[in-house]
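Subject: Handover of a structure

Dear colleague,

Please find below the structure that I am handing over to you. My notes on what was found in it follow directly after.

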Amino acid sequence: MDPSVIEATQGVLGLKSYTPASTRLHNLTSRLRKIFYMQDPNIEVSAVTPDGIWAYDATWALAEAVERTWTSTGLNLVNLNNITSSKHGLLLLQEILQTRFKGISNEEIQYPNGKLVSSAFEIVNVIGKGERRTFDAVVGDTTITSERSQYVGFTIPYTDLGVGMLVSNENGDMWIFLKPLSADLWITIAGFFILTGFVVWVIERPANPEYQGKPSQQIGTILWFSFSTLVFAHREKLLNNLAKFVVIIWVFAVLILTSSYTATLTSIMAVNQIRLNSRGDYIGYQSGSFTQGLVKNLNFKGLKPYNLVEEYALALSRGSNHGGVSAIVDEVPYMKIFLAHYPTGYSMIKPESSTNGFGFVFPKGSKLVHDMSMRIQLMREEGKLIEMEKVWFHKRTIPMFDNTTSDPNTLNFHTFRGLFLVTGVSSAFALFIFIIFPLKEKWYAVKKFRFRYQV
């Protein structure tokens, strides 16, 4: 090459086909060295070039195709001079295009569309009149995988792990407030409200004027007292200790029920109660990402690739029924970037970690792997990584739910059967004691009530 060209290419980075070392490749190189040495001792074979490897594998592909064609048709294809014009040439071509086998470098050889698929490349740096290869470091969004770790050294991850699912928070269901509790639980709660009010009325009525009066007034008092306990707003005075015992147990049950209802409703509204159906939902993913292989196994109605955060937002806003998607599967760091641009209206459901996050890449055996890992760990302990994330993602809150399901379970009667058992038993016990020992309790209550109001 002209010296000016060599000088102009100094420091240039480029890609070329990469052939990983293997025992078969080593044996082939050794055999070629012996053959060429016997022909000319001055010829030195240091390594087989990628072109030579491709030619070697192509020869094997042709040989196997010829053998399969001969086996299936019984034709003698030893003379291939006129194969292009032969009517059997199409059969041979079809066999070649269907060829799939392990090549000399242990990579799978196939020729879709008549072209060899080369999946591995190496980075080269032009230095002097030659090249320097496997780089000093790779800094970027490089996902740590077991396959890549066979060839390079990764630091510990500097990002969150795993793949998440992005969903829209919009929900047009006007009856969503009923979903946290099942129908049988709603009926049971209503029944216990009335039961508790009735038991308190039976116990308090003989001695408490607030529970006396016209039948309609007494029914109103029963309903008002029982349902007012829902917000702890009951103001009726209780004179009987048995009634107080019943109310204490019931208020405790109401506290548990309201807390559980609030928590479940919050989860449902935040996660949007998404139910993905393989027959009717489309799923999106980042084009060119390894997540494409994950979503292909989900067996949904359709998969749609996207590149930009704006495309994510548009697809989710449309939904599967209007040309969009119901959810998008992507790595957690990318989803945080999306949520930084769209902090409201969307949520991220983070399942169990299925990836190892992003890491920095170094050549195998590099001492920098350990040093960089130690610095990353130190930054994580000091909270600097979190501070950097806040800067990257504009200090916006990222809604994320660390559960493996997007459909919070509806609470049912079976969940709280023990609570209702305690409440029912306490009411029955108080009513039983009141019936068995009525006189002394009634007399004491009446005397206490009259003394208070006379004073």
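In these notes, a residue is called buried when its relative accessible area is under 20%, exposed when over 50%, and partly exposed in between (1.4 Å probe, protein chains only). Helices (H or I, at least four residues) and strands (E, at least two) are DSSP runs, numbered from the N terminus.

The model is predicted, so that local features need pLDDT of at least 70 and side-chain atom pairs count only at pLDDT 80 or more, while totals for chains, interfaces and linings use all residues. Residues are numbered from 1 along each chain as its sequence is written, and side-chain values use heavy atoms, with hydrogens and water left out.

Two helices were compared with their expected span, which is 1.5 Å times one less than the number of residues. Helix α5 (residues 183–204) has 22 residues and should span 32 Å; its end C-alpha atoms are 32 Å apart, which agrees. Its buried residues include Phe192, Phe193, Trp201 and Glu204. Helix α6 (residues 215–228), with 14 residues, reaches 20 Å from first to last C-alpha, close to the 20 Å expected. Among the buried residues of α6 are Gln218, Ile222 and Phe225.

Helices α11 (residues 368–381) and α12 (residues 384–392) pack at about 80 degrees, their axes 5 Å apart. Axes are lines fitted to C-alpha atoms, for helices over the stretch in contact, and angles run from 0 to 180 degrees between N-to-C directions. The angle makes α11 roughly perpendicular to α12, a term that covers 65 to 115 degrees. Ile376, Met379 and Arg380 of α11 meet Lys384, Leu385 and Met388 of α12, where contact means heavy atoms within 4.5 Å.

There is also an open sheet of 3 strands, in the order β1-β4-β5, with antiparallel pairing; two strands pair if DSSP finds at least two bridges between them. β1 (13–17) and β5 (130–132) stand at the edges with a single partner strand each, so one side of each has no neighbour in the sheet. The twist averages 50 degrees from one strand to the next. Strand β4 (residues 121–127) is joined to β5 by 3 bridges, and Asn125 stands opposite Arg132 in β5.

Finally, Arg100 lies in strand β2 (residues 100–102) and counts as exposed at 56% relative accessibility. Leaving aside neighbours within four places in sequence, Arg100 is in contact with Glu108, Ile109 and Gln110.

Yours sincerely

Technical notes: Angles under 35 degrees count as roughly parallel, over 145 as roughly antiparallel, 65 to 115 as roughly perpendicular and the rest as oblique.
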